[in-house]
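Me: Please take a close look at one helix of this model and at what surrounds it. I would like the cut-offs stated as you go.

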Amino acid sequence: MTELSRTEAAADKDRLSARTRRWGALYQAESQLRQMRAYGGVILFSSTFQPIMYILAMGLGLGVLVGAETDFSAYGAQSYLMYIAPAILASTVAMTAGVEFTFPVLEGFKWRRLFFSAQASPLSPQQVALGYVLAVGCRFGLHSLIFTAVLFAFGVLTSGWAVLMVFSGVLGGLAIGLPIMAYISTLRDEKGHAAILQRFIIMPLFLFSGTFYPLTNLPQGLQLIGWVSPIWHANELGRVLAFGQPTPPWLVAVHLGYLLAIIAVAWVIARRVFIRRLGHQEWQGRVPGLKADKRRAAKQESKDLAVGTYEPTEGLPPISYRRGVAANYYSGNIRAVFARGMAAIRSNRGIILFSGFLEPVLFLTSFGLGVSPMISGVEAEQAGVAGQDTISYAAFIAPALLAVSAMNGAVFDSTWNVFFKLKITKLYRTMMSTSLGPVDVAVGEIALALFRGGLYAMGFLGVLLVAGLVSPLSAVLMWCTALLIALGFACIGMAVTSFMKRFQQMDWMMMILIPMFLFSATLFPIDVYPSGVQMVIQALPLWHGVELMRDIAFWNFSAMSLVHLGYYLVLVTAGGLLASYRMKALFLR
């Protein structure tokens with residue numbers, strides 16, 4: 001290479017570096033968006049699918065019960081569905097923020113260390129952070145645009161100003177997501193923090209932010225949650241933009257200023273965390289995570305000293321080998337997988353277990369106190385209960401929420417946790433290198449999910465007993481039924497998760513769980529739909545669980561109760577066999 005060509009190459013390099021330093025955030029955003037293309041189908045489908053599901057469920061289902069007794073013209077809305085549409089948009093964006101600002105951020109710092117790769121280029125740490133926020137903001141905007149277009153197509157919204165809901169939805173998503181990003185960026189390891197954020201922060205804010213009812217329906221103490229929730233401010237701002245909800249100008253300014261203030265403060269904190277972790281100070285004289293490793297080593301050393309010194313015995317124990325047709329499937333050591341899972345649960349000090357119990361209680365409190373004032377009751381015939389005229393709305397949804405709790409606990413354990421061990425930590429690969437077989441791993445993980453689901457159900461049933469919504473004998477039978485429901489969903493969940501390759505594909509699970517929750521007679525009877533739609537709903541597994549729970553709660557047994565039981569027995573058998581087969585196919589080739 002001549003001296004001139006070297007000079008030109010150096011000049012080109014300087015120009016590229018200068019351009020990167022100027023537009024680095026946009027380059028990082030482009031990189032993130034290209035990664036999102038791998039699951040772009042999930043984004044587009046969920047953005048279109050969610051509004052349709054909520055329109056059909058809330059407009060034709062719960063809206064029939066609420067709209068018959070409550071007039072929403074005082075709020076500027078022509079119907080119940082119009083009233084909740086902007087809030088559902090803001091809430092779905094907020095729930096998406098809870099995912100996009102947790103696991104991908106951990107992936108960037110720990111699992112795949114993509115942020116460190118970007119830091120090795122001329123990009124600055126703050127450009128890496130800003131680029132990621134811009135990319136996720138683009139996803140929020142696309143979701144909001146598609147959501148709004150679907151609402152217009154179905155005639156839910158008519159004013160052209162409703163397009164501005166996109167703005168309020170994106171602001172609400174960033175106000176929820178940026179504080180989460182600032183916190184997640186400080187973590188050196190993930191020990192259930194994402195689940196804790198989802199269940200202790202995002203879910204309560206979603207349920208008590210006046211999404212499905214006016215916030216004033218709640219007692220004064222619970223309204224406080226809505227006042228501090230960015231979701232409520234995004235909901236109210238979206239209603240003003242969508243259909244002109246009567247709101248004083250100063251309150252509109254409060255909604256907007258509150259969201260912008262949270263975004264600004266959280267961005268400053270997140271930016272400082274990125275600079276500290278990706279900047280030069282992170283590497284000055286120390287190894288990242290070394291202190292935590294030393295603490296763990298010291299803790300393990302103290303345990304070893306407490307146990308005593310190991311003295312080897314003479315000779316080796318005889319080694320036994322399993323023989324037979326299915327010897328490579330099962331080693332008879334399911335308890336080892338289960339014990340390992342229990343040890344991991346104990347390391348989290350039970351807070352995740354408590355969070356699983358908390359979720360259905362929050363649902364019951366929110367809908368019981370918020371929606372009940374708008375519904376005088378549910379006709380017993382609609383609920384499939386004989387010998388009564390009407391039942392309270394709380395008594396109607398309580399058995400259904402128990403079934404939902406069992407489903408959610410089992411699905412969480414058999415999907416997110418299984419995927420983490422399957423693809424991130426490669427724990428199952430390590431297990432398969434021992435004497436354990438695929439049946440041991442599959443049954444052990446399913447048993448762990450069943451254990452957690454049983455604890456969730458027991459805690460929720462205690463609340464129902466105190467509230468007088470179920471009898472003690474019914475509670476015992478409902479707990480046994482909850483175990484069966486959890487077992488069915490755990491088997492199917494683990495089998496389906498074995499086909500997933502990226503954690504973003506787990507959004508497909510939400511596309512299945514959302515319609516099951518909305519349509520399985522959880523919040524309203526299904527007889528509001530045509531007979532053809534009812535037949536589709538009756539094929540869903542959650543519907544069978546909800547109906548079986550109500551049969552027990554109201555002592556209203558029939559031949560259909562046996563059909564519900566048989567449905568879950570088939571689900572358990574098919575799911576367990578498929579999960580074991582997939583474990584063998586993945587690790588015993």
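Reply: Helix H7 has 20 residues and spans 28 Å from its first C-alpha to its last, close to the 28 Å expected at 1.5 Å a residue. That expected span is 1.5 Å times one less than the number of residues. Helices here are DSSP runs of H or I with at least four residues, strands are runs of E with at least two, and both are numbered from the N terminus. The model is predicted, so local features need pLDDT of at least 70 and side-chain atom pairs count only at pLDDT 80 or more, while totals for chains, interfaces and linings use all residues. Residues are numbered from 1 along each chain as its sequence is written, and side-chain values use heavy atoms, without hydrogens or water.

H7 is mostly covered, with 17 of its 20 residues buried. Buried means under 20% relative accessible area, exposed means over 50%, and partly exposed lies in between (1.4 Å probe, protein chains only). Gly173 lies in this helix, which runs over residues 165-184. Gly173 counts as buried because its relative accessibility is 0%. Contact means heavy atoms within 4.5 Å; leaving out residues up to four places away in sequence, Gly173 touches Val93, Ala94, Ala97 and Phe140. Gly173 is 32 residues from Gly141 in sequence, and their C-alpha atoms are 9.7 Å apart.

Phe140 is also among the residues that Phe101 touches. With residues up to four places away again not counted, the contacts of Phe101 include Leu174, Gly177, Ile180, Met181 and Ile184. Phe101 belongs to the largest nonpolar core, which has 166 residues; Met58, Phe101 and Phe212 touch the most other members. Such a core is a set of buried Ala, Val, Leu, Ile, Met, Phe, Trp, Tyr and Cys residues joined through side-chain atoms within 4.5 Å. A second, separate core of five residues includes Phe103, Ala194, Phe412 and Trp416.

Arg139 forms a salt bridge with Glu100, the closest N and O atoms being 2.2 Å apart. A salt bridge is a side-chain nitrogen of Lys or Arg within 4 Å of a carboxyl oxygen of Asp or Glu. This pair links distant parts of the chain, with Arg139 in helix H6 and Glu100 in helix H3 (residues 80-100), 39 residues apart. Both Arg139 and Glu100 are buried. The structure holds four salt bridges.
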